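Please look over the structure shown here before reading the report that follows.

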Amino acid sequence: GALAQTPKKKLGVALCGLGGLSTNQIAPALQKTANCQLTAVVSGDRQKAKQWQTKYNIPDRNVYSYDTIEKMADNPDIDIVYVVTPNALHMDNAPAAAKAGKHVFCEKPLEISVERCQRMIDACKKAEVQLGVADCCQFEPHHLECIRIARQKELGTIKVIESAFGFPIGDPDQWRLKKDLSGGGALMDVGIYVLQATRYLTGEEPVLIAATETKTDRKKFAEVDETMAWTATFPSGVIAYCSTSFNTFGMGSYRAHTERGWFGLNPAFNYGGLKGARSDGKPLQLPQVDQFATEIDAFARSILDNKPTTVPGEEGLQDVKILMAIYESARTGKAVKIA
């Protein structure tokens, strides 16, 4: 009847953590989404929150601090809390949002240890809310096309993958270089993209990791890894060789080498301007999308349709499990088996 014609409402999103990523990428993306809208903010900085209120027309009742997240329970303007705080604070913010009955979308890495990831997953399960991980590449057209080429074996089966992502980190005082907040350096921040690429291209989980870490600036990278390289062996025999760094420029690509050729992206991991190529010369150019708008819309869609998200907390936990194996291998100098 008439009810069927009613468009589904947009879901309200509270941004938790108003740093650079929220300011420059996520808030603008939320202006373009089909299924959600920015309705609330969570910040420890009253002045910053005020600026956001003015810019995005957010009423006083929709401004929270980190210790009042649970009070969202009686606020129908909020359906999703998007957690964009430093990695080691996710375990505080996400369960509080879940307890308030809100779905949680969390920046990656999910947390800084497997055990902490599990606690977040459990909290969301207990509260019967969805926990999604912001793996933007898994919704981006160029990456999806590479996954399709891999699955359909258009150039034969993959044998070797090379993948790398790094950038010059800049400000030595930022939270990403403090281990208690970040859990690690380049590997946790951008190496995770490299790792994920090897997982979604193969459609498999690595069974063996061998890693090496180096530091050239011991002052700046006193607490965290500056540069890390690793090989990952997959059950089908694919070998991936991977690297990440906080001290390189213009490093961000992957290439899958197959029996009959290769395909890949360069740049692969930027927020825009992605370019693909294949050895057979067929085009690998797709529309550029706002990756944040695309992933948060997909998460909102799962909630509206009452379907599980394709990037659940378990996905985030699996990444962290492998990241920890990479650190263990680098630390011990031995290959680490992953069960």
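Asn57 counts as exposed, because its relative accessibility is 69%. In this predicted model, Asn57 sits in the loop between helix 3 (46-56) and strand 3 (63-64), and its phi is near 55 degrees, a positive value in a residue other than glycine.

Glu128, which is not a glycine, likewise has a positive phi, of about 60 degrees, and is placed in the loop between helix 5 and strand 6 (131-133). With a relative accessible area of 74%, Glu128 is exposed.

## Cis peptide bonds

The bond from Lys108 to Pro109 is cis, with omega near -10 degrees, and Pro109 belongs to the loop between strand 5 (103-106) and helix 5. Asn266 and Pro267 are also joined by a cis peptide bond, for which omega is about 0 degrees; Pro267 lies in the loop between strand 12 (261-265) and strand 13 (276-278).

## Helix 5 against helix 10

Helix 5 (residues 114-126) packs with helix 10 (residues 313-332) at an angle of about 175 degrees, their axes being 9 Å apart, and the two helices are therefore roughly antiparallel. Residues of helix 5 in this contact include Val114, Cys117 and Ile121, while those of helix 10 include Leu317 and Val320. By class, the contact has 5 nonpolar, 3 polar and 3 charged residues.

The structure holds 0 disulfides. For Cys117, the closest cysteine sulfur, in Cys106, is 8.6 Å away, too far for a bond, and Cys117 counts as buried at 0% relative accessibility. Cys137 is in no disulfide either, the nearest cysteine sulfur being that of Cys136 at 4.5 Å; Cys137 is buried, with a relative accessible area of 3%.

Note on methods:
Residues numbered from 1 in each chain as written. Predicted model: local features only at pLDDT ≥ 70, side-chain atom pairs only at ≥ 80, totals over all residues. Heavy atoms only, no water. Axes fitted to C-alpha atoms, helices over the stretch in contact; angles between N-to-C directions. Helix = DSSP H or I, 4+ residues; strand = E, 2+ residues; numbered from the N terminus. Parallel < 35°, antiparallel > 145°, perpendicular 65-115°, else oblique. Contact = heavy atoms within 4.5 Å. Nonpolar A, V, L, I, M, F, W, Y, C, P; charged D, E, K, R; others polar. Disulfide = S-S within 2.5 Å. Buried < 20%, exposed > 50% of the residue type's maximum accessible area, 1.4 Å probe, protein only.
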